[in-house]
Amino acid sequence: MIWNRRNLKPTLLIFLGLINCFGTIFGQEVDQDGYPVPDLKGLTPYSIQIKKTDGVEKIVEKFYTPEGGHIARISGNGKIFAYAVDHDQEPPIDYLIIDPDGSGRFTQRFKSEDVYQIPEWVFQ
């Protein structure tokens, strides 16, 4: 096939669509209604880590749960954008949920081996 402007654009669109499909299949899961936010009421953090990541002051607060697991609440610039959940306190974590748009709904769910980025709304 000879590449020219006419067939490059459709090919690029198909390629980007495939990347998006594979990212959803092999990476994150999406629930438009949102995944349940862990209940941290009455829990006290046993660890708080603060570090600068990509220009954001990232805070990770870790809590033990009454069921024997732990939860990490992750915020950037004072905005909570993720929770990491682990039911047995043994690595790796079970999953991570993220609020991708600042709506308060945590609609993206990642496995422990998946890579995630701090959402853009946290930087604003």
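**Loops, sheet and pocket**

Modeller: Let us begin with a loop: P92 lies between strand 5 (79–86) and strand 6 (95–98). Please bear in mind throughout that this is a predicted model.

Colleague: Which residue does a cis peptide bond join to P92?

Modeller: Most peptide bonds are trans. In the loop between strand 5 and strand 6 that holds P92, however, there is a cis bond, with omega at about -5°. The residue joined to P92 by this bond is P91.

Colleague: Q89 has a positive phi; where does Q89 lie, and what is its relative accessible area?

Modeller: Most residues other than glycine have a negative phi. Phi of Q89 is near 65°, and Q89 belongs to the loop between strand 5 and strand 6.

Colleague: Turning to the overall fold, what pattern does the protein chain follow along the sequence?

Modeller: The protein chain contains 2 helices and 7 strands, and 35% of its 124 residues count as buried. Read along the sequence, the pattern is α-β-β-β-β-β-β-β-α.

Colleague: In what order do the strands form the open sheet, and which are the edge strands?

Modeller: The 7 strands form an open sheet in the order 1-7-6-5-4-3-2, with antiparallel pairing. Each edge strand pairs on one side only. From one strand to the next the twist averages 25°. The edge strands are strand 1 (29–35) and strand 2 (47–53).

Colleague: Which residue of strand 7 stands opposite E29?

Modeller: Strand 1 and strand 7 are paired in the antiparallel sense. Their pairing extends over 3 bridges. Opposite E29 stands R109.

Colleague: How many bridges join strand 6 to strand 5, and how many join strand 6 to strand 7?

Modeller: With strand 5, strand 6 pairs in the antiparallel sense, and the bridge partner of A84 there is L96. Strand 6 and strand 7 also run antiparallel, with I98 opposite Q108. The number of bridges is 4 between strand 5 and strand 6, and between strand 6 and strand 7 it is 3.

Colleague: Which residues cover the two faces of strand 6?

Modeller: Both faces of strand 6 are covered, and the four residues concerned are all buried. On one side these are Y95 and I97, and on the other L96 and I98.

Colleague: What is the C-alpha to C-alpha distance between V85 and H70?

Modeller: V85 belongs to strand 5. Its relative accessibility is 6%, so V85 counts as buried. V85 and H70 are 15 residues apart in sequence, and their C-alpha to C-alpha distance is 6.4 Å.

Colleague: F110 and Y116 form an aromatic pair; what is the angle between their planes?

Modeller: A pair of aromatic rings is described by the distance of the centres and the angle of the planes. The model has 3 aromatic pairs, and in the one formed by F110 and Y116 the centres are 6.4 Å apart. F110 counts as buried because its relative accessibility is 8%, whereas Y116 is partly exposed at 25%. This pair is tilted, with the planes at 50°.

Colleague: What is the volume of the largest pocket, and which residues lie nearest its centre?

Modeller: The largest pocket has a volume of about 270 Å³. Strand 7 (106–110) and helix 2 (120–123) each supply at least two residues of its lining. The lining has 8 nonpolar, 3 polar and 3 charged residues. Of the 14 lining residues, those nearest the centre are V115, Y116, Q117, I118 and P119.

How values were computed. Residues numbered from 1 in each chain as written. Predicted model: local features only at pLDDT ≥ 70, side-chain atom pairs only at ≥ 80, totals over all residues. Heavy atoms only, no water. 1 Å grid on protein atoms, 1.4 Å probe; cavity = no way out; pocket = protein on both sides within 12 Å on 5 of 7 lines; lining within 4 Å. Points joined across faces, edges and corners; volume = space filled by probe spheres on them. Nonpolar A, V, L, I, M, F, W, Y, C, P; charged D, E, K, R; others polar. Pairing = 2+ DSSP bridges. Axes fitted to C-alpha atoms, helices over the stretch in contact; angles between N-to-C directions. Phe/Tyr/Trp six-rings, centres within 6.5 Å; stacked < 30°, edge-to-face > 60°. Buried < 20%, exposed > 50% of the residue type's maximum accessible area, 1.4 Å probe, protein only.
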